[in-house]
Amino acid sequence: MKIGKLLFVTKFEDLGYDALKTLLSLRQSGLEHIVFMYVIEREKVSMRRGIGYQRDEAIRLKETANIRFIDWAERLFEQGMEVGVYIQIGSLAAEVAKAVRKEEADLVVIGRSHKTTLEQFYSGSTVSELIRRLPVPVLVYKPVTDNPFVTGTPFQRPLIATDWSPASLRAVEYLLDLAPLIEEVRVAHVADAENIEGSSVMTAQKTRKDAKARLEEICARFQAQGTTARSHVYVGDPETEIERAARECQATMVVLGSSSKNIWVERWLGSTPRKIAENSAFPTLLIPPAIG
Amino acid sequence: MGKKVLVVDDDPDVRLFNTTVVEENGYLPLEAENGEEGLQMIKSEKPDLVILDVLMPRQSGIRLYRELKTNASLRDVKILILSGIAKKTFLRSQQALTEFGENQVPEPEFYLEKPVDADVLAATIKKALG
């Protein structure tokens, strides 16, 4: 899997040029084209009683974004990279999906959603909407300054969390293709506490041993490509334990496979990848069910 | 029939401004909204001048310029770069691509940085078209 083109979706306060710089190591895997995108949410400029369509505000937001993008683009052009830009008015997820199709982007990078829990419930979180709409991986970026535990660029020391689902195994395949970028990979599985509680010591240890053996098979594939790999088994709530694992391993990114749940099932029951993407302090790479 | 001038820019407001200047000065304006579309129109319409933006979706003006200047049948198409991207960045970018092993391309003959006054644009178009 080559990442030749990256769509960098920013609201500026969530993702800046410093974030982009940490992704330039992807040039080793063929990155040569970065497309910037800024979506002016429709409600910011929509018709209001007594005011009408806020054209001046739309122009102000558009030109402010354009000035930022010209500055970023100049730096990248001078490094021989190809750069494009989209500044659109509309719904973020829909506009990103359109741009991904039009540009045939290989990876989408986006900041953490700023919606409140209630807004997320009614309109869905941006991350969830994107996962559902996009056939390509989504990296939910978290600023390094937010997390003293993250030291390095995202692809330097990723942690893959696997539950052996087809989606999480696709995440493994995805990272294997990017092995030359990776300094060290950690592979973790979170065992269900119910499988451990009340069972004998032998059964609990067998659960751990079986999981460890399967993780080691994945590690061996990375090692065969010259990438250091270690396996870890945790027990408990996946969201909490994956965060703990990332911290303990000094991971630079969490990588998860995401299955496409029905929209209402997800809103009522939640999904582990979405929760981690939204709540984790670590950048989170979500690999879709089928990479388009 | 007036000479054909192709305006390649992703911003509809800029396209409208440029094509109006082109038309008011007696030329026939054509439009494309990105480098890829621009290249197709250059091949099919054979314009006398291309007014080319740099920062665009799909394909930038930097790549399109390079593609034109390294194609024997298209390298004589006259190009006026009109962009918010500084000329020195354009030149450094072309230099970086040459250092990466791509062919060397000549400097653009006409380069204007946005925003541009209608009179300056008209004068540069006239100069480019001789």
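**A pair of strands**

Leu6(A) stands opposite Ile34(A), a residue of β2(A). Leu6(A) also touches Leu23(A), Leu26(A), Leu31(A), Ala105(A) and Val109(A), among others, leaving aside residues up to four places away in sequence. Contact here requires C-beta atoms, placed from the backbone, within 7 Å.

Strand β1 (residues 5-9) of chain A and strand β2 (residues 33-41) of chain A run parallel and are joined by 5 bridges. Strands count as paired if DSSP finds at least two bridges between them. Helices (H or I, at least four residues) and strands (E, at least two) are DSSP runs, numbered from the N terminus.

**Source of the model**

The model is predicted: local features need pLDDT of at least 70 and side-chain atom pairs pLDDT 80 or more, while totals for chains, interfaces and linings use all residues. Residues are numbered from 1 along each chain as its sequence is written, and chains are lettered from A and ligands numbered from 1 in the order in which they are written.

**The sheet and its helices**

In chain A, 10 strands form an open, mixed sheet in the order β3-β2-β1-β4-β5-β10-β9-β6-β7-β8. β3 and β8 (228-235) of chain A are at the edges with a single partner strand each, so one side of each has no neighbour in the sheet. From one strand to the next, the twist averages 20 degrees.

α3(A) lies across β2 and β3 of chain A and runs at about 165 degrees to β3(A). Helix α9 (residues 201-224) of chain A packs on the sheet, where it touches β7 (184-191) and β8 of chain A, at about 160 degrees to the direction of β8(A). Such angles run from 0 to 180 degrees between N-to-C directions of lines fitted to C-alpha atoms, for helices over the stretch in contact.

**Domains and core**

Chain A is assigned domain 1 (1-111) and domain 2 (146-292); the bounds come from an automatic or database domain assignment. In chain A, 7 residues of domain 1 are in contact with 9 residues of domain 2.

The largest nonpolar core has 111 residues, and Leu6(A), Met37(A), Val108(A) and Val254(A) have the most contacts inside it. A nonpolar core joins buried Ala, Val, Leu, Ile, Met, Phe, Trp, Tyr and Cys residues through C-beta atoms within 7 Å; buried means 20 or more other C-beta atoms within 10 Å of a residue's own.

**Contact between chains**

Chain A and chain B each give 16 residues to their contact. On the side of chain A, α3 (55-77), β3 (82-90) and α4 (92-103) each give two or more residues.

Note on methods. Contact = placed C-beta atoms within 7 Å. Buried ≥ 20, exposed ≤ 12 C-beta atoms within 10 Å, placed from the backbone.
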